[in-house]
Structure formats: C-alpha cells, structure tokens
Amino acid sequence: MDFSGFYKLPVKERLAKLREAGKIGAEDEKLLLDGDALKMGVADRMVENVVGRFHLPFAVAPGFVVNGKEYVVPMVIEEPSVVAAAANAAKLARGSGGFSAEADEPVMVGEMQVVGIKDGAKQKVEEARERIMAKAAEFAAGVERYGGGLRGMEVREISTARGKMLILMFEVDVRDIMGANTVNTILEGAAPLVEEVSGGKVRLRILTNLAVKRKARAKCVWKKEVVGEAVVEGVLDAYEMAANDIYRCSTHNKGIMNGIDAVAVATGNDWRAVEAGAHSFAAIGSYKPLTKYYKDAEGNLVGEIELPLAVGTVGGAININPLAQVGQKILGANGARELSMVMAAVGLAQNFAALRALGTEGISKGHMKLHAKNLAVIAGAHTAEEIDAVVAKMKESGTYTVENAKKVYGELKK
Ligand code: MEV
C-alpha cells in the first residue's frame with residue numbers, strides 16, 4: 001500500500017486509507033474519531049480518584065519495513081515532529097530493505113530479597129533449588145497455558161550496610177504479556193518456602209525492569225547515495241559525542257525513547273517500565289548510547305540498537321483501553337517479540353532522524369515548522385481554518401515564534 005502524501009490528507013481521508021489497507025475496521029475508525037473510546041465508567045475503575053480522561057494525539061508512522069514486513073506504526077505523543085521524523089527515517093531506509101531485527105525469548109526476571117540470613121543460607125537455598133522451583137512453578141500455571149513458564153533461578157549474596165542478603169532471581173517466560181503481575185505472583189507464592197529453607201526473612205518480591213533477558217535489537221543501512229555523505233559524517237560525529245559525553249548521551253537516548261514510548265503508549269504498554277529498562281541498561285558499566293553507528297565498506301551508514309523491551313500484545317491496560325487495542329491492530333505484530341522488534345526499529349529510526357538533523361542543519365527549522373500549529377493555538381486560534389491561516393502567514397514570514405503567531409492572529413481577526 002502506498003502511503004506517500006499521507007501527511008497531507010485530512011484526518012478522515014487518512015482513516016479511509018488505513019481502512020483500505022486493512023489496518024482498521026469501521027468500529028476502530030469510530031473509536032479514533034469520537035475521542036470517547038475510554039468511557040468514564042471504565043476509566044474510573046482503572047485508577048483511583050478519577051475526575052476525567054486525558055487526551056493525546058494518536059498518529060501513525062507508515063512505511064516501516066522490519067524483517068521484510070510492512071508496518072504502519074501507531075504513535076501516541078504530544079511532541080511535534082517525532083512522528084514525521086520516524087516516518088521520514090523509515091522512508092529513507094526502504095531502499096536498503098528497511099530494518100532487520102531480532103528479539104530474545106520474552107523472559108522476565110523477578111527478584112526476591114532475603115534478609116537476616118546466617119552463614120550457609122545460600123548453600124541451603126541452592127540445595128533446595130528443585131523444591132523452590134517446583135513451588136514457584138505452581139504459580140506460573142497462567143503463562144504455562146500459553147507455552148511460557150518458569151525458566152530458571154539464580155542465587156546471589158550481596159553485602160549491604162544492613163548486613164548480608166540473598167537475592168533470588170527467578171526467570172519467567174511470560175510469552176505475549178508484559179508479565180509484571182505474573183512474576184510478582186510467582187515470587188510471593190514461593191516466598192514462604194524460601195524463608196523456611198534459608199532461615200531468613202523475605203522482604204521484597206518484585207520484578208526488575210532491567211529486563212536483560214528480554215532485549216530487542218534492530219539494524220539498518222542508510223545508503224550514502226540516499227542520505228548524502230554530509231549526513232553520514234554528521235551522524236557519525238553526533239554518535240561519537242554521545243559515546244563520550246554523558247550530557248549529550250542523556251539527550252541522545254531521550255530521542256530514541258521519543259519513538260519507543262510513543263509506540264508503548266499507543267499499544268497500551270507500560271512506558272515507565274520501558275524507560276526504566278532502557279536507561280538502566282544504558283548505565284551498565286558506564287552510561288552509554290543505546291544505538292551505535294559506523295560506516296560499511298561502501299561508505300553507507302549502518303545503525304544498530306539494542307535495549308530491553310518488556311512489552312506485551314495482550315493483558316494489562318491493553319485489554320481495558322479500546323484505543324490500545326486499535327493501536328495493537330494497526331501495528332499488527334504477531335506477539336510480544338515482534339512488537340519489541342518493531343519498537344527497536346522505531347527507536348533507531350527516531351535516533352537517526354534526530355542525529356541527521358542535528359548533525360547538519362539543526363532541528364529548530366523543521367521543528368518550528370511543525371510546532372507552528374501549536375503556536376497558532378497558543379496565540380488564540382481555535383478552529384482548524386484559523387490554525388491553518390496563522391500557520392500559512394507564519395510560513396510566509398519564516399518566523400515561528402509566539403509573538404509572530406499572536407501578531408498574525410491579531411491581524412487575521414481584524
Ligand atoms: C527532542 O525531544 C529529542 C532530541 O533532543 C533528541 C536528540 O537530541 O538526539 C532532538
């Protein structure tokens with residue numbers, strides 16, 4: 001399906017295009033248009049003390065090719081230019097086959113803290129490994145039904161200011177769910193036996209967001225002839241700065257997460273968990289970029305990304321929020337691993353787009369053009385017509401500031 005010029009279409013025509021492409025049905029279209037997909041009664045049961053619902057733009061970035069499959073990527077985000085940048089980077093990658101990606105098995109790790117231990121506690125736990133694993137497995141029936149289950153257990157002893165502690169790390173294959181509740185239930189279920197065996201007191205029983213067993217990787221070649229040599233050199237310099245300067249590295253990784261978080265939100269996933277995993281992974285050893293870039297033998301730019309991505313295609317908020325289901329449907333991943341691969345590709349695309357702009361003309365020009373609509377709203381424009389008229393005038397003058405938006409809007413009102 002050809003999505004060229006998609007961004008120029010009015011919303012209804014974009015939706016028609018998604019329907020034509022088989023990405024959404026009539027019901028989904030209605031949910032997207034209405035803006036009332038999450039009913040108040042449902043919202044009121046999702047969290048506490050609800051007083052309303054909060055809206056964000058739901059956009060799509062078409063044109064992503066990952067492992068030979070075409071994706072239209074749903075993105076929920078408030079920041080202008082993120083969606084356009086992702087779509088553009090994906091488009092520039094198409095000539096070289098798009099992105100290749102892979103993901104680990106969806107194994108989450110949960111930690112159990114045992115305090116007040118005496119010498120020999122670690123050995124006692126090791127000796128009772130099979131009994132503890134069997135007890136823990138009793139609480140993994142939910143994921144076993146889908147081919148998941150308990151996969152392993154590691155025992156570590158750490159020395160702290162409050163004495164020695166045992167940390168038991170339970171590995172659970174959670175298949176297509178994010179898995180937090182499953183892992184925590186298993187930990188809580190096995191805790192009494194661990195206390196009995198170790199002679200200590202179990203305190204924390206909680207998954208780790210540093211999901212190192214559940215990483216996704218993506219790779220892409222941006223052809224020198226397509227992006228130009230200046231871009232190749234600019235991106236390489238930008239990458240080196242991030243790799244050697246933590247202040248830049250923070251922003252470099254933030255840009256990556258702009259794309260990944262937007263997909264996480266659009267698909268009903270816990271983006272705070274994804275964020276925690278990404279940054280703690282980046283900080284192993286010393287804080288480093290989640291992507292890396294180099295030139296291949298022909299001088300093309302090769303980009304790679306690797307990060308933990310604990311995301312699901314079912315369960316949690318996905319089952320409750322109708323728009324999360326629409327997001328999942330649009331993306332069309334066959335399971336959590338595939339979703340994580342597409343998200344990794346989006347992160348890489350997002351990063352490439354940012355470095356391409358930063359390493360050449362800078363981001364303000366493009367950013368402000370896209371930000372112009374927001375400026376028009378800030379200046380007081382209410383209707384689509386007013387917003388477009390203010391944007392057009394600002395474009396003519398080439399000055400994208402609140403002051404200019406106000407001036408232009410004032411003149412328009414006269
Ligand atoms: C802004 O949200 C993201 C960027 O700052 C990322 C980057 O600097 O790489 C543009």
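Me: Let us begin with the overall layout. How many Å separate the centres of domain 1 and domain 3?

Reply: The centres of domain 1 and domain 3, taken over C-alpha atoms, are separated by 32 Å. Please keep in mind that this is a predicted model. The division of the chain gives domain 1 (56-103 + 214-360), domain 2 (107-207) and domain 3 (371-413).

Me: Turning to the ligand, which residues are around it?

Reply: The residues around the ligand are Glu-79, Arg-248, Thr-251, His-252, Lys-254, Gly-255, Asn-258, Ala-354, Leu-358 and Ile-363. Polar side-chain atoms may then be examined one by one. Arg-248 places such an atom 2.7 Å from an oxygen atom of the ligand. For Lys-254, an N or O atom of the side chain is 2.7 Å from a ligand oxygen atom, and for Asn-258 the corresponding distance is 2.9 Å. The ligand taken alone exposes 300 Å², of which the protein buries 84%.

Me: Which elements give two or more residues to the shell around the ligand?

Reply: They are helix H11 (246-266) and helix H14 (336-358). H11 supplies the largest share, six residues. Thr-251 is found in helix H11. Thr-251 counts as partly exposed because its relative accessibility is 44%, which falls between the limits of 20% for buried and 50% for exposed.

Me: How should I read salt bridges?

Reply: Side chains of opposite charge can pair when their charged atoms come close. In the whole structure, a search finds 27 salt bridges. One of them joins Asp-34 and Lys-30, with the closest N and O atoms 3.0 Å apart. Both residues lie in helix H2 (residues 26-34), four residues apart, about one turn of the helix.

Me: Which salt bridge links distant parts of the chain?

Reply: Glu-171 and Lys-213 meet in a salt bridge at 3.6 Å, N to O. Glu-171 is in strand E6 (residues 163-173), whereas Lys-213 is in the loop between strand E7 (201-207) and strand E8 (215-222), 42 residues apart.

Me: Are these two partners buried or partly exposed?

Reply: Glu-171 has a relative accessible area of 14% and is therefore buried. Lys-213, at 35%, is partly exposed.

Me: Finally, which residues form a nonpolar patch on the surface?

Reply: Val-42, Met-46, Val-47 and Ile-320 form the patch, with about 300 Å² of accessible area together. Among them, Val-42 is found in helix H3 (residues 40-46) and is partly exposed, with a relative accessible area of 33%.

Key: Residues are numbered from 1 along each chain as its sequence is written. This is a predicted model: local features need pLDDT of at least 70, side-chain atom pairs count only at pLDDT 80 or more; totals for chains, interfaces and linings use all residues. Side-chain values use heavy atoms; hydrogens and water are left out. Domain bounds come from an automatic or database domain assignment. Patches are made of residues with over 30% relative accessible area and no salt bridge: like charges are joined within 9 Å, nonpolar side chains (Val, Leu, Ile, Met, Phe, Trp, Tyr) within 5 Å. Accessible areas come from the Shrake-Rupley method with a 1.4 Å probe; for residues, only the protein chains shown count as cover. A salt bridge is a side-chain nitrogen of Lys or Arg within 4 Å of a carboxyl oxygen of Asp or Glu. Buried means under 20% relative accessible area, exposed over 50%, partly exposed in between (1.4 Å probe, protein chains only). A residue is near a molecule or strand if one of its heavy atoms lies within 4 Å of it. A polar contact is a pair of N or O atoms within 3.5 Å; within protein, one must be able to donate a hydrogen and the other to accept it, and residues adjacent in sequence count only if both atoms are side-chain atoms.
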